[in-house]
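Open the model in your viewer and keep the sequence panel beside it. We will go stop by stop.

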Amino acid sequence: MALKIRFARGGSKKRPFYKLVVAENTAPRDGKFLERLGSYNPILDKENPERLVVNAERIKHWLSVGAQASERVQKLLCDLNLVKKPVITEQPKKSAPKKKAQERMQAEIEAKKAAEETPAEQQPVEAMPETSAETPVAEQPAE
């Protein structure tokens with residue numbers, strides 16, 4: 001039985017209010033939960049002490065038992081020094097390149113490194129194109 005510390009949404013339309021709960025991983029978001037640990041009201045100012053109300057003792061207990069906090073909950077709890085800060089990537093996992101594309105990108109990086117490591121004497125010298133300043137321009141007679 002995998003446990004999660006997560007939010008259960010309450011409130012009306014466009015007026016959210018969340019309960020911080022411990023629930024089974026497979027339970028629906030607003031469904032059955034084991035224990036209520038606090039509340040979160042995102043409408044209140046950040047300085048308001050009632051914005052995030054938690055029972056720190058019970059959160060520590062559930063974390064010690066093996067419950068995992070969701071990313072959003074973990075981000076809020078790290079401000080209270082209850083958990084360490086989560087690693088949030090800028091690029092979502094779903095839009096990351098697939099396996100073959102990652103292999104191709106890795107091969108390109110390795111090819112660039114190999115080209116940089118070869119000495120300049122071994123690299124072929126490219127012929128420089130003639131510039132217009134070196135070639136004389138024929139003047140046309142004025143009419």
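Here is a tour from the whole fold down to single residues.

**Before you start**

This is a predicted model, so local features need pLDDT of at least 70 and side-chain atom pairs count only at pLDDT 80 or more, while totals for chains, interfaces and linings use all residues. Residues are numbered from 1 along each chain as its sequence is written, and side-chain values use heavy atoms, with hydrogens and water left out.

**Stop 1: the whole protein**

Show the cartoon. Helices (H or I, at least four residues) and strands (E, at least two) are DSSP runs, numbered from the N terminus. Along the sequence the pattern reads β-β-β-β-α-β-α-α.

Of the 143 residues, 21% are buried. Buried means under 20% relative accessible area, exposed over 50%, and partly exposed in between (1.4 Å probe, protein chains only).

**Stop 2: the sheet**

Select the strands. In what order do the five strands of the open sheet lie? The order is β4-β3-β2-β1-β5, with mixed pairing. The edge strands are β4 (52-54) and β5 (68-69), and each pairs on one side only. Two strands pair if DSSP finds at least two bridges between them. Strands of a sheet pair through backbone hydrogen bonds, either parallel or antiparallel.

Colour β1, residues 3-12. On one side, β1 pairs with β5 in the parallel sense over two bridges. β1 also runs antiparallel to β2, and 10 bridges join them.

Click Lys 4. This residue stands opposite Gln 68 in β5. In β2, the bridge partner of Lys 4 is Ala 23.

**Stop 3: the hairpin turn**

Move to the loop between β1 and β2, where Lys 14 is found. Two residues lie between the strands of this hairpin. Lys 14 has a positive phi of about 65 degrees although it is not a glycine. Is Lys 14 buried or exposed? Lys 14 counts as exposed because its relative accessibility is 73%.

**Stop 4: inside the sheet**

Select Ser 39 in strand β3. At 11% relative accessibility, Ser 39 counts as buried. Show its neighbours, leaving out residues up to four places away in sequence: Ser 39 touches Phe 17, Tyr 18, Lys 19, Leu 20, Arg 51, Leu 52 and Val 53. Contact means heavy atoms within 4.5 Å.

**Stop 5: helix α1**

Select residues 56-65, which form α1. This helix lies across β1, β2 (15-24), β3 (35-40) and β4, running at about 125 degrees to β3. Axes are lines fitted to C-alpha atoms, for helices over the stretch in contact, and angles run from 0 to 180 degrees between N-to-C directions.

Next, pick Ile 59 in α1. Ile 59 counts as buried because its relative accessibility is 0%. What does Ile 59 touch, not counting residues up to four places away in sequence? The contacts are Ile 5, Leu 20, Leu 37, Val 54, Leu 77 and Leu 82. Try the distance tool too: from C-alpha to C-alpha, Ile 59 and Ala 69 are 9.5 Å apart, and in sequence they are 10 residues apart.

**Stop 6: helix α2**

Select residues 71-78, which form α2. The buried residues here are Val 73, Gln 74, Leu 76, Leu 77 and Cys 78. Their cover includes β1, β2, β3, β4, α1 and β5.

**Stop 7: the largest pocket**

Select the lining: Tyr 40, Lys 46, Asn 48, Pro 49, Arg 51, Leu 52, Arg 72, Lys 75, Leu 76, Asp 79 and Leu 80. The largest pocket holds about 250 Å³ of space. α2 gives the most to this lining, with three residues. On a 1 Å grid over the protein atoms alone, a pocket is an open set of points where a 1.4 Å probe fits, with protein on both sides within 12 Å along at least five of seven lines; lining residues have an atom within 4 Å of a point. Grid points are joined across faces, edges and corners, and a volume is the space filled by probe spheres set on the points.

**Last stop: Asn 81**

Go to the loop between α2 and α3 (99-117), where Asn 81 is found. Asn 81 has a positive phi of about 60 degrees although it is not a glycine. With a relative accessible area of 68%, Asn 81 is exposed.
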